[in-house]
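Hi everyone, thanks for coming.

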Amino acid sequence: MTRQEFSLLYVLASHPGIVFSRERLLAKVWHGEAFVTERSVDTLVKRIRRKIEANPSEPQVLLTVWGDGYRFADA
């Protein structure tokens, strides 16, 4: 797992059930680095899902909240 993948997963897993917008995740993971867009979050989530989900196309752990962002599943 890359440093950014781990950082994003850590942020979400540390706050299960809390929805993080793409903008907020950008600020927490990339710390204002240049040339990073909100779509970078989507790409990173897709890569993480391939590594942690039994079926990445039907995620059970790293969930999309349509129109808002992403959240880690509640326990």
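One term before we start: a salt bridge is a side-chain nitrogen of Lys or Arg within 4 Å of a carboxyl oxygen of Asp or Glu. Also, this is a predicted model, where local features need pLDDT of at least 70, side-chain atom pairs count only at pLDDT 80 or more, and totals for chains, interfaces and linings use all residues. Residues are numbered from 1 along each chain as its sequence is written, and side-chain values use heavy atoms, leaving out hydrogens and water.

In one of them, Glu5 meets Arg47, at 2.8 Å from N to O. That pair links distant parts of the chain, 42 residues apart: Glu5 sits in helix H1 and Arg47 in helix H3. (Helices are DSSP runs of H or I, at least four residues, numbered from the N terminus.)

Now, the packing. H1 (residues 3–13) packs against H3 (residues 38–52) at about 85 degrees, with the axes 10 Å apart. Axes here are lines fitted to C-alpha atoms over the stretch in contact, and angles run from 0 to 180 degrees between N-to-C directions. That makes H1 roughly perpendicular to H3, a label for angles of 65 to 115 degrees.

What about helix H2, residues 22–30? H2 packs with H3 at about 80 degrees, axes 9 Å apart, and these two are therefore roughly perpendicular as well.

Terms used: Parallel < 35°, antiparallel > 145°, perpendicular 65-115°, else oblique.
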